[in-house]
Amino acid sequence: MTIRAVVKGVGHYLPKRVVENSEFEVSLDTSDEWIQARSGIKRRHFAAEGEKTSDMAISAAQAALSDAGFEPNDLDAVIVATSTSDLTFPSVATIVQSGLNMTGGFAYDIQAVCAGFVFALSTANAQILSGQAERIMVIGAESFSRLMDWEDRSTCVLFGDGAGAVLLQAERGKGSSDDRGILSVDLNSDGRHKDILYVDGGVSTGQTGYLRMQGKEVFRHAVEKLAQTASVAMEKAGVRAEDIDWVVPHQANIRIINSTTKKMGVAPEKVVKTVKDHGNTSAASIPLALSVAKANGQIKHNDLIVTEAIGGGLAWGAIVLRW
Ligand code: ACO
């Protein structure tokens, strides 16, 4: 008998304010045409004034709980992947715990920037397999609009805000790739590349700072490393590209998504794409895409899914799971 961490519910939250590319044309030397052609992004959501990462995380978690038919106190743990916590501490996860009126269990954040959700899912999986927890809410939530330099047209048009949540539960499997749940994980990081994507603020500077990125360099690493990690995860799970029902990639740039999935040998119609409407929501992008894809009938029970992401650090990884 094998224990598997199986998805029992999924949900998401997007802030009300939708910002079309055309809004940037007013203040920047840019165009809807450039943004769409270079990134695939048409619009994104921005959190309202006073709306925090934890507010979005709580809404996404409530949606996932309702999808699964569970109550907050059915959970053993809450893990939030975020690089935009409300405050330096406490963790967003403990704020979520309080917001859900969850009185037991444990809660903490994970920070691996845009790869954060993959790292959080992997950690939740390990805690379920080791018997430390049976039910874990894994959330990706971000307010990247708070990190934008609005005069830097090469970054501020790319990011958005939002949250997604996935509820995992321990279930028995047979130990084969036919099992539902997480089948394999591959995680990587290489701190030598820490300077190509970072925020120039934090505790050491006394200011929140702005996101800085060498876009072309990040792009080059992304395509190579995402295809590589996806292939390692598929090999670990004992599945081939032709077995995959859906690739759910980190939604950073349509050109990265298309090049990576082509390298993986997966047909374009098997790729979930939400970047056009959400922009890059960092650690929130994968659970948001999973939730939207389930809601619109793309992802179904028993589908075989590969999810992959890369972010600042660089940190990157992939997970194979059966829905
Ligand atoms: N509007 C118009 N022109 C622009 C804009 C803009 N918004 N932004 C940049 N340009 C200009 C540049 O100034 C440059 O002009 P120049 O040739 O006169 O110097 C020209 O467009 C080309 O710029 P490049 O940077 O070469 O354009 P590129 O094709 O590389 O596209 C982009 C830029 C979209 C940032 C791309 O490199 C990219 O997507 N990189 C990966 C970024 C990414 O996905 N990051 C997130 C991953 S990790 C994470 O999620 C945290």
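Asn 101 is found in the loop between helix 4 and strand 5 (106-110), where helices (H or I, at least four residues) and strands (E, at least two) are DSSP runs numbered from the N terminus. Phi of Asn 101 is near 60°, which is a positive value in a residue other than glycine. The model is a predicted one, in which local features need pLDDT of at least 70 and side-chain atom pairs count only at pLDDT 80 or more, while totals for chains, interfaces and linings use all residues. Residues are numbered from 1 along each chain as its sequence is written, and side-chain values use heavy atoms, with hydrogens and water left out.

Two cis peptide bonds also lie in loops. Phe 89 and Pro 90 are joined by a cis peptide bond with omega of about 10°, and Pro 90 has its place in the loop between strand 4 (77-81) and helix 4 (92-99). Another cis peptide bond, with omega of about -10°, joins Gly 313 and Leu 314, and Leu 314 sits in the loop between strand 12 and strand 13 (315-322).

The ligand is surrounded by 23 residues, of which Thr 30, Cys 114, Lys 216, Asn 253 and Asn 280 are the closest; a residue belongs to this shell if one of its heavy atoms lies within 4 Å of the ligand. By class, the shell has eleven nonpolar, seven polar and five charged residues, where Ala, Val, Leu, Ile, Met, Phe, Trp, Tyr, Cys and Pro count as nonpolar, Asp, Glu, Lys and Arg as charged, and the others, Gly among them, as polar. Domain 1 (2-173) and domain 2 (181-322) each give at least three residues to the shell, the domain bounds coming from an automatic or database domain assignment. Among the elements that each supply at least two shell residues are helix 2 (32-39), helix 8 (254-264) and strand 12 (304-311), but the largest share, four residues, comes from helix 7.

| Residue | Ligand atom | Distance |
|---|---|---|
| Trp 34 | nitrogen | 3.5 Å |
| His 250 | oxygen | 2.9 Å |
| Arg 255 | oxygen | 3.3 Å |

Of the 1000 Å² of accessible area that the ligand has on its own, the protein covers 76%, as computed by the Shrake-Rupley method with a 1.4 Å probe.

The lining of the second largest pocket includes Arg 17, Glu 23, Phe 46 and Trp 150. Strand 2 (17-20) and helix 1 (21-27) are the elements that give two or more residues to this lining, and helix 1 provides the largest share, three residues. The lining residues of the second largest pocket divide into five nonpolar, two polar and three charged. A pocket is an open set of points on a 1 Å grid over the protein atoms alone where a 1.4 Å probe fits, with protein on both sides within 12 Å along at least five of seven lines, and lining residues have an atom within 4 Å of a point.

Note on methods
A polar contact is a pair of N or O atoms within 3.5 Å; within protein, one must be able to donate a hydrogen and the other to accept it, and residues adjacent in sequence count only if both atoms are side-chain atoms.
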